[in-house]
Amino acid sequence: MKTAVRKQMTIDPLVMDLLNNQIAMEMKASASYLAMASWCDQRELLNSKEFFYKQAEEEREHAMKIFTFINDNGGAAISPNVQNVNNEFESLRGIYETSLEMEISVTQSIFKIFKSARKEDDFVTEVFLQWFITEQAEEEDTFRSIIDIFDLMEGMPLKMIDERLPKE
Ligand code: FEO
């Protein structure tokens with residue numbers, strides 16, 4: 001009885017390592033968005049500034065979702081070392097393009113963990129990751145739509161473009 005009551009680790013150990021890497025990836029994304037928010041803030045690009053501050057918070061929330069998931073399922077979540085955050089940017093459009101590339105990498109990484117969970121019969125993680133798959137599709141879509149706005153408004157002043165961009 002004692003064994004049944006005690007918290008068992010329900011996540012596959014290999015999958016847990018991948019989830020811990022994912023925490024690091026989400027926290028790196030959070031730090032990168034914070035750097036982008038600062039760049040926009042310094043140039044008074046108000047919508048983009050707000051957008052990236054919110055993105056930074058959201059990515060931290062994603063990391064925390066995974067963090068608590070690991071510990072709630074008897075695993076060991078690891079607080080990551082976030083290093084090499086880029087704070088130098090060439091242009092606002094470049095920032096959004098870099099963001100889209102970053103989101104594509106995150107999506108690929110989530111797919112990799114999902115596949116691994118499936119292979120290892122880790123059903124708990126598979127169900128947990130479904131939310132992230134939907135979220136990533138939405139995030140990629142948001143960035144693609146923003147880059148479309150840049151294409152449509154090519155040649156217009158930067159502040160005018162910024163005013164057409166979403167704040168969240
Ligand atoms: Fe949590 Fe946008 O990756």
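Rings of Phe, Tyr and Trp (the six-membered ring for Trp) are taken as a pair if their centres lie within 6.5 Å, with planes under 30 degrees apart called stacked, over 60 edge-to-face and the rest tilted. The structure is a predicted model, in which local features need pLDDT of at least 70 and side-chain atom pairs count only at pLDDT 80 or more, while totals for chains, interfaces and linings use all residues. Residues are numbered from 1 along each chain as its sequence is written, and side-chain values use heavy atoms, with hydrogens and water left out.

A search of the whole structure for aromatic pairs returns 11. One of them joins Phe51 and Tyr96 in a tilted arrangement, with 5.8 Å from centre to centre and 50° between the planes. Phe51 belongs to helix α3 (residues 46-72) and Tyr96 to helix α4 (residues 92-119), so this pair ties together parts that are 45 residues apart in sequence. Helices here are DSSP runs (H or I) of at least four residues, numbered from the N terminus. Phe51 has a relative accessible area of 1% and is buried, where buried means under 20%, exposed over 50% and partly exposed in between, for a 1.4 Å probe and protein chains only. Tyr96 is buried too, at 0%.

Phe69 and Phe128 supply a stacked pair, 3.8 Å centre to centre with 5° between the planes. Here the link runs from Phe69 in helix α3 to Phe128 in helix α5 (residues 123-152), 59 residues apart. Phe69 is buried at 9% relative accessibility, and Phe128 is buried at 16%. Ring pairs also gather Tyr33, Phe51, Phe52, Tyr96, Phe143 and Phe150 into a cluster.

Turning to helix packing, the axes of α4 and α5 come within 9 Å and cross at roughly 160°. Axes are lines fitted to C-alpha atoms over the stretch in contact, and angles run from 0 to 180 degrees between N-to-C directions. The angle makes α4 roughly antiparallel to α5, a label for angles over 145 degrees. The contact of α4 with α5 has 17 nonpolar, five polar and nine charged residues; Ala, Val, Leu, Ile, Met, Phe, Trp, Tyr, Cys and Pro count as nonpolar, Asp, Glu, Lys and Arg as charged, and the others, Gly among them, as polar.

Finally, Asp72 is found in helix α3 and is exposed, with a relative accessible area of 51%. Asp72 and Thr10 are 62 residues apart in sequence, and their C-alpha atoms are 9.4 Å apart in space.

How values were computed
Helices (H or I, at least four residues) and strands (E, at least two) are DSSP runs, numbered from the N terminus. Angles under 35 degrees count as roughly parallel, over 145 as roughly antiparallel, 65 to 115 as roughly perpendicular and the rest as oblique.
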